[in-house]
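Try each task before reading its solution.

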Amino acid sequence: RDIATLQQWALHYGVQTAPGFQMTPTVNLNTNHRFDTKEGLDANDVSVVTAQDISEGQPVLYVPNNLIWTGAKARDQLGAQPSAERLLQRFSQSRGQLPQFYLM
């Protein structure tokens, strides 16, 4: 994954981070994954760490509302999705609950 380009894009569109915020490859001990280095860093998984102490309750990451893809935004942009709605109804009947998300 190209994390540097992702971070540049996010900052350009208003994502804000706490001081010391860093995205880093995750150490994955599962031998079924492809590793980029001999240290066991999984190129397909990323974690967030901070290099500075952060006060309790202080946000680590702020994502502007216009970048968050919600079910309501999906319905507004894509309209009704009858096949997804039927799938949700079948799922809710078999599990006894209706999921609170929108499938596309």
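Of the protein's 104 residues, 17% count as buried, where buried means under 20% relative accessible area, exposed over 50% and partly exposed in between (1.4 Å probe, protein chains only). This is a predicted model, in which local features need pLDDT of at least 70, side-chain atom pairs count only at pLDDT 80 or more, and totals for chains, interfaces and linings use all residues. Residues are numbered from 1 along each chain as its sequence is written, and side-chain values use heavy atoms, with hydrogens and water left out.

**Exercise 1.** Find which element supplies the largest share of the lining of the largest pocket.

*Solution.* First list the lining, which includes Leu6, Trp9, Phe21 and Val63. Next, assign elements: α1 (3-12) and β2 (21-27) each supply at least two lining residues. The largest share, five residues, belongs to α1.

**Exercise 2.** Locate Val60 and decide whether Val60 is buried, exposed or partly exposed.

*Solution.* Begin with the position: Val60 sits in the loop between β3 (41-50) and β4 (61-62). Then take the accessibility: Val60 counts as partly exposed because its relative accessibility is 30%.

Key
1 Å grid on protein atoms, 1.4 Å probe; cavity = no way out; pocket = protein on both sides within 12 Å on 5 of 7 lines; lining within 4 Å. Helix = DSSP H or I, 4+ residues; strand = E, 2+ residues; numbered from the N terminus.
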